[in-house]
Amino acid sequence: MAGIELVDVQKRYKVDGKTVQVLSGIHMKVPKESITVILGKSGCGKTTLLRLVGGLEEPDGGEILYGESHRTAFVFQEPRLMPWLNVADNIRFGLKKKEMDPDEIQSIIHTVGLDGFEKAYPSQLSGGMQQRTSIARALAYRPSFIMMDEPFAALDYFTREQMQKELLRVQRIQGASILFVTHSIDEALLLGNKIIIIENGRVKTEFELPKTEKFRNLLDETFIELKRDIIKNLNNDK
Ligand SMILES: Nc1ncnc2c1ncn2[C@@H]1O[C@H](COP(=O)(O)OP(=O)(O)O)[C@@H](O)[C@H]1O
Ligand SMILES: [Mg+2]
């Protein structure tokens, strides 16, 4: 099997003695070498789902099937860099000595557009550059899957747009497999090869997006039509 498959995955939390069923039977496939987006309202269980797929938590029911050995990297909403390490050392952080290839690290730094900033500390970088460093750190780990939890949510409109383009470019170059969580319909449409809508603890709908890149533009007609479809889907609460 290529990728990750979730079969009837359930997750509940106990809060104040009461059980909250967050995920109540998730079935989905996350293919390799593409961007799969999980879209849903705040609090619908997106982060929980990502943590389960990434192995940070165990499901209470169901199964998560990994096709082959998997190595997972995470990019969170905030960069989570080590303030006492410079860009290059932050990127190397988490790698064993034998896994470090200076040429490859340099090529990743180039890919995320941080040439010349190798020695800079996080406090000397803009928010966008810090987030690019955390993406570089994820790539350097050579993961089979990158789990991204609303990584651009804290960025301003222009930086966010630039980062989305950057991510598409990096994904194309590296052929990375990405599971990307967002509550933004626009972001889901700009990035996703597949969009999975989560509602009431279940997969509500899935959209496979056209292979062409042409429609990935907020003003494109196909884009607007897909957006209308998704909004209708999210509003129809039955
Ligand atoms: N560790 C936890 N303990 C108790 N409840 C949790 C925990 N993590 C998440 N939840 C609850 O699960 C629900 C889904 O949370 P989350 O996955 O963070 O949603 P999202 O990322 O879609 O905003 C929320 O109601 C949240 O309060
Ligand atoms: Mg979340």
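Predicted model: local features only at pLDDT ≥ 70, side-chain atom pairs only at ≥ 80, totals over all residues.
**The whole protein**

Seven helices and nine strands make up the secondary structure of the protein. Its radius of gyration comes to 18 Å, close to the 18 Å that the globule rule gives for 238 residues, so the protein is as compact as a globular protein of that length. Of the 238 residues, 50% are buried. Take the contacts between residues at least 6 apart in sequence: 70% of these join residues at least 24 apart. As for the surface, the protein exposes about 12300 Å², and carbon and sulfur atoms supply 51% of that area.

**An open sheet and its helix**

Now for the sheet. Three strands line up in the order β2-β1-β4, the sheet is open, and the pairing is antiparallel. β2 and β4 are the edge strands, each with a single partner, so one side of each has no neighbour in the sheet. On average, neighbouring strands here are turned by 25 degrees against each other, direction ignored.

β1 and β2 pair in the antiparallel sense over ten bridges. Within this pairing, Ile4 sits opposite Val30 of β2.

Helix α1 lies across β1, β2 and β4, and runs at about 120 degrees to β1.

For finding your way around, these are the elements involved:

| Element | Residues |
|---|---|
| Strand β1 | residues 4-15 |
| Strand β2 | residues 18-30 |
| Helix α1 | residues 46-53 |
| Strand β4 | residues 61-66 |

Methods: Residues numbered from 1 in each chain as written. Chains lettered and ligands numbered in written order. Heavy atoms only, no water. Pairing = 2+ DSSP bridges. Helix = DSSP H or I, 4+ residues; strand = E, 2+ residues; numbered from the N terminus. Axes fitted to C-alpha atoms, helices over the stretch in contact; angles between N-to-C directions. Contact = heavy atoms within 4.5 Å. Rg over C-alpha atoms; globule rule 2.2 N^0.38 Å. Buried < 20%, exposed > 50% of the residue type's maximum accessible area, 1.4 Å probe, protein only. Areas by Shrake-Rupley, 256 points an atom, 1.4 Å probe, with all protein chains shown as cover.
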